[in-house]
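The following note sets out numbered points on the model shown below. Please read them with the structure open.

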Amino acid sequence: MKYLRLPDNETHILPFYLAMEEYATRILCPDDIFFMWQVNPTVIFGRNQVIQNEVNLDYCNANGIEYYRRKSGGGCVFADMNNIMFSYITRSDNVTTTFERYTGTVVDMLKKLGLNASDNSRNDIMIDGLKVSGNAFYHIPGFSIVHGTMLFDTDMHHMSNAITPSQHKLQSKGVKSVPSRITTLSQHLSMDITQFKAFVRDTMCDGEVMLNDSDIDNIHAIEQQYLKPEFIMGKNPRCNMSHTRHIDGVGQITVECELVHNIIHNMNISGDFFLLGDIDKSIISVLNESPYTRASVENALKHIEVADIIMNLTNKQFIDLLIN
């Protein structure tokens with residue numbers, strides 16, 4: 001695996017590194033690509049999450065905490081200069097094998113430090129049963145990108161106040177708050193963050209790819225799409241029907257729509273699930289203007305496997321949620 005290196009040590013805003021992931025797919029050598037990055041205090045939330053439900057906007061604005069949407073699914077996370085972000089890019093379209101290969105590599109690296117590390121069945125990496133890393137996944141045609149956190153010594157006060165997970169989500173995990181289920185590497189290691197980053201690179205990579213000034217310009221061009229207000233704020237459709245459920249192996253999912261004379265309009269699907277396909281084209285556009293009945297929804301989806309769009313979600317689970 002090759003390490004993707006910037007030509008300087010400048011700290012960029014978070015969307016730059018998301019754009020860097022996209023750009024890396026265009027210069028990818030036969031080996032996998034990996035890089036680490038850090039940002040000033042920032043909340044990053046998933047492609048299909050509703051910002052008002054996940055981010056304490058008043059707190060973030062008052063404390064100079066930035067917030068951006070990413071293109072991958074999954075939940076909301078807080079990052080700062082004491083939280084290392086990992087990015088992994090590979091030539092693969094298989095979400096299961098990609099996640100297993102990536103999380104397995106990270107777990108093995110942590111074990112070499114003498115840590116009791118493991119991964120769970122979804123997207124977290126644990127130390128002594130507490131979360132130290134959460135990861136998300138998305139496709140670019142022909143490639144898979146996994147990115148996530150590695151909590152080293154993160155500001156827990158900011159994390160607790162900037163992120164506002166629903167009580168339903170916390171209860172489904174059997175915890176009372178965000179800090180109660182996480183740990184940081186600084187509680188388990190004697191090395192500092194610079195030494196840890198060097199260890200990660202030496203252990204996980206066997207060479208590097210250096211970007212140049214032209215590459216940086218191209219990354220900035222891609223970055224602009226992440227900075228558009230309509231992308232950051234997302235959809236806020238009119239709705240008079242909203243159903244939310246936590247589904248094991250899927251995550252929390254909310255389906256909202258406006259029902260006019262029992263016809264589905266303005267549907268939106270949000271949550272911290274993993275997105276494998278185009279949810280707008282494959283599900284929402286198919287169901288918009290359909291009668292709000294189980295038979296009509298089943299018929300509209302008869303040629304669609306919902307699990308190919310939303311990871312692990314069966315057609316029956318989705319229809320049960322929608323029709324409730």
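Leaving aside its neighbours within four places in sequence, with which residues is Ser92 in contact?

1. Basis of the note. The model is predicted; local features need pLDDT of at least 70 and side-chain atom pairs count only at pLDDT 80 or more, while totals for chains, interfaces and linings use all residues. Residues are numbered from 1 along each chain as its sequence is written, and side-chain values use heavy atoms, with hydrogens and water left out.

2. Ser92. Beyond its neighbours within four places in sequence, Ser92 is in contact with Thr97, Thr98, Arg101, His139, Gly142, Phe143 and Ser144; contact means heavy atoms within 4.5 Å. Ser92 lies in the loop between E6 and helix H4 (95-111). Helices (H or I, at least four residues) and strands (E, at least two) are DSSP runs, numbered from the N terminus. The relative accessible area of Ser92 is 13%, and the residue is buried. Buried means under 20% relative accessible area, exposed over 50%, and partly exposed in between (1.4 Å probe, protein chains only).

3. Strand E10 and its partners. Strand E10 (residues 143-151) is mostly covered, with 9 of its 9 residues buried. Strand E6 (residues 83-90) runs antiparallel to E10 and is joined to it by 8 bridges; two strands are taken to pair if DSSP finds at least two bridges between them. Asn83 has Leu151 in E10 as its bridge partner. Strand E9 (residues 130-140) also pairs with E10 in the antiparallel sense, over 6 bridges, and here Tyr138 is partnered by Ile145 in E10. E9 and E10 form a hairpin with 2 residues between them, and Gly142 in the turn has a positive phi of about 90 degrees. Gly142 is also one of the contacts of Ser92.

4. The sheet E4-E3-E5. Three strands form an open sheet in this order, with mixed pairing. Strand E4 (66-69) and strand E5 (77-79) stand at the edges, each with a single partner strand, so one side of each has no neighbour in the sheet. Neighbouring strands are turned by 25 degrees against each other on average, direction ignored. For such angles, axes are lines fitted to C-alpha atoms (for helices over the stretch in contact), and values run from 0 to 180 degrees between N-to-C directions. Strand E3 (residues 42-45) and E5 are antiparallel and paired over 3 bridges; Ile44 stands opposite Val77 in E5.

5. Ile163. In which loop is the place of Ile163? It is in the loop between helix H5 (156-162) and helix H6 (167-172). Ile163 is buried, with a relative accessible area of 8%. Apart from neighbours within four places in sequence, Ile163 is in contact with Val43, Glu54, Cys76, Val77 and Phe78. Ile163 and Val77 are 86 residues apart in sequence, yet 7.2 Å apart in space, C-alpha to C-alpha.

6. The sheet E12-E13-E14. Here 3 strands form an open sheet with antiparallel pairing. At its edges stand strand E12 (241-247) and strand E14 (263-271); each has a single partner strand, so one side of each is left without a neighbour in the sheet. Strand E13 (residues 251-260) is joined to E14 by 7 bridges, and Val255 has Ile269 in E14 as its bridge partner. Helix H12 (residues 315-323) lies across E12, E13 and E14, running at about 140 degrees to E12.
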